[in-house]
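Reader: Could you walk me through this one slowly? I am new to reading structures.

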Amino acid sequence: MKKIGMLLASVLIMGTALAGCGSDGNSNSGSAGSGSTGGSPAASGSAAKDDHSKKLSLTMMVSTAAGGGWTDDHPMVKYLNDKFNVDLKFQWVPGDSYNEKLNVLAASNDFPDVFQIWDASTYSKWMKKGVFLDLKPILSDYPNIVNNVTDEALAMMNPKDKVYGLPMYAPAFRSNLSIRQDWLDKLGLKTPETVDEFYQVAKAFTTEDPDGNGKQDTIGFSMSISTAGEIIGIDYLKGAFGLANAWKLEDGKLVPQQTQTEEWKALATYLRQAYADGVLDKDFAVNKERDPWNKLEGNTNGIAEVNPNEVYKQSLPVLQKLAPEADIVQLAPPAGPTGIRAANTITSTTKIVLNAKLSEEKQQRILEIIDYMFSDEGYLWSKNGIEGIHYEKNGDTYEKLDAFDSDRPQILSTWFIRRFDPSIQIRLWDEQEYADKVMAWFENTEPYRWTNPAAGLISETYSKSGIQLDQKFTAAIVKVITGSEPVESIDAASKAWLAGGGDKIIEETNALYAELN
Amino acid sequence: MPSSDIRGRLRRGLPLYALILPGALYFLLFRYLPMGGIAIAFQNYDPFEGFLHSPWVGLEHFRRLFGDSDFWLLLRNTLFLSMLNLFVFFPAPILLALLLNEARIRLFRRAVQTVTYLPHFLSWVVVVGISVLLFSTQDGAINEWLVSHGKERIGLLTDPAYFRPLYVLLNVWKESGWSAIIFLAALASVDPTLYEAAVMDGANRWKSMLHVSLPALRGVIVVLFILRLGQTMETGFEQVLLMQNTMNLDVSDVFDTYVYRNGILIGEYSYTTAVGLFKSAIGLVLIVAANTWAKRKGEEGVY
């Protein structure tokens, strides 16, 4: 009996031990690559126009957000299948793990037919390896695509005379600063105009019990740390204290944020005080990207960056269940010590790419589908769904049907193919007043544009070790914020960043910049 | 030995060999064949060039690892966590099994056993999720209680000082009940007459536990201990990754999370394979050493 117990033990444990060992060697040999020359499609015009007589099977990989993707028999998928005689297979990958998924696919060199690249350095690395199809020679056959993206965005991150990916549009001001107006009113406070006033307000939100439950359980503002090692959600403060949005131009030279030690020290000192006073969310290091906003919706956070498209349809209804008198309004970025006001400003570097290995007929069919989604008709379709299923037309007005909410036909227009148009989330049946309210947020933020002059310039060293360097630099800043290291330690962190590869990144990025200008 | 004899034995053994075949194939295909992939640790593996065309770089990746400023931090954290596993977590199920063995009410014993091994079936995502609800600084249950009693908040999830205790605590909570099953099985096989004899000799319950139950477990403990040593470099990747954040990185960054960040997030397949290989090599050395030592001490060992 003792023997049996032993045997049982060894078998059980050996099994797991071996399983552990085995997984180390898993990322082995992929199929031999397609060679390093980029796939080049047939010269324009020479190919016979595809007449859709052959049914093609296509795979598309889409990064998803809340709610996930569609089923294969979704009415929108069926519509495309019938219209273009294809069999579309979507792979819906959650946004948080999309880059991981791509790297796993890369290890075996097995990509879908169409997919997105969110990470600029991945794009530039794989572009050189010939993973993506050069669309330049054929793009002129698809006027809806050409006319609805900007030339600037099309050229960005591509070598001259090549187009390895279509730009995915992002509104420059998707994340706008917002504040709980009802909390301000309740505590008798003015809208803050400077970072000092901002601090006073945030502190009152923390200590003066704005939600009136008798407990000190609210915070002034919050932030989070991205997997790429950046502090996110406080761009308005970074800018106010003089930091650049990643890079700034000084006498024609690009200078990275990591060398702005004085600005970092000022910001870190501010945040350190906020952390000690409980004004800044103590859980910021544990937060996911949307948590500051979630906490705003959860009635515990008073100031957060939000997407105005979702404020009226999601945030306010959710929040008003907890606090019926709640009101979220836009807050202009507070002015820093030198008067700078800056808002979170996005330059989209996301690309939609086609697999270089695609056959000619597949290339055409896919581009036709994309072209359709950029057309007036297709844009209406991808934003609002199918008439009669997702909405109805009654005379001059439109009415949303219940199926719209359950089917979510609009997800391709928000997650994949977007026209260059800030109103991508305004629907046919939305009242003009609502549309105006949303668009007003974007317009109000416009004066505080805070651009990154080096967006899309990816140096080789950055691709290799940039993320690690940034993570270490941020970790040092975080230690200052939490009070475990003195403010001066930022000098050392900046030096370490430069020595660890930052010098090279500066040199290479400036070279890339000079090439383009 | 004449050859006909061998053939005869082969024929007689044929059904047995056939029985082994599926298992052997499994190990060959899924355990030994993939080991060929280790070769990419000595290449600059480029998925677009493929396994055959990637350039060979010898030991470059190992040099980079040992020269990395993070190497000692990773080694220290990895060893620290596995020592905690070895000396704090490992005895926990043994203790639990001994205690359960002493419980005389069958129903109580069954109930406790079930309750303690249930957490094993929860995934780490759920366990860490629960721990966030309990331990987070701003709205965690513990901190809310502290604040309502006029005390200061504690950064249980973010203060590096709490990472290691929390790591072991979660591990013990989740796995000790399950791990105790093996020990309970071994205890069930102890001849009851031994206990009777001990009582006759005047042993109390403490003494009989010390001199009957514990020696009965010795073999299993040694085997499990050796196997555990082989996993010294494994610290429970999922758990550590989920509990990791920018603030506790100094104590929570281990080889597994380093490999994940560089291999999966950045795509440095070769380098991370080298790190994985280094880890496995250490594990192998420890297993062989521990086994040799155990055999010298007259225990059975694992092979």
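Reader: How many of the residues of chain A count as buried?

Author: Of the 517 residues of chain A, 43% count as buried, where buried means that 20 or more other C-beta atoms, placed from the backbone, lie within 10 Å of the residue's own. Please keep in mind that this is a predicted model, in which local features need pLDDT of at least 70 and side-chain atom pairs count only at pLDDT 80 or more, while totals for chains, interfaces and linings use all residues. Residues are numbered from 1 along each chain as its sequence is written, and chains are lettered from A and ligands numbered from 1 in the order in which they are written.

Reader: OK, and what secondary structure does chain A have?

Author: Chain A has 20 helices and 15 strands, which are DSSP runs numbered from the N terminus, with helices being H or I over at least four residues and strands being E over at least two. Its radius of gyration is 26 Å, close to the 24 Å from the globule rule for 517 residues, so chain A is as compact as a globular protein of that length. That radius is taken over C-alpha atoms, and the rule is 2.2 Å times the number of residues to the power 0.38.

Reader: What about chain B, how many helices and strands are there?

Author: Chain B contains 14 helices and zero strands. With a radius of gyration of 25 Å, well over the 19 Å that the globule rule gives for 303 residues, chain B is more spread out than a compact globule. Along its principal axes, the C-alpha trace of chain B spans about 85 × 75 × 30 Å.

Reader: Which domains is chain B divided into?

Author: There is domain 1 (1-30) and domain 2 (67-296) in chain B, with bounds that come from an automatic or database domain assignment. Taken over C-alpha atoms, the centres of domain 1 and domain 2 of chain B are separated by 40 Å.

Reader: Switching topic, where does UniProt place the "transmembrane region" feature in chain B?

Author: The unreviewed UniProt entry places that feature at several stretches of chain B, including residues 16-42 and 177-197; the positions are given in the numbering used here, feature names are shortened, and annotations may be inferred rather than shown by experiment.

Reader: And how much helix is there over residues 16-42 and 177-197 of chain B?

Author: Residues 16-42 of chain B are 63% helix and 0% strand, with the end C-alpha atoms 40 Å apart. Over residues 177-197 of chain B, the chain is 86% helix and 0% strand, and the end C-alpha atoms are 30 Å apart.

Key: Buried ≥ 20, exposed ≤ 12 C-beta atoms within 10 Å, placed from the backbone.
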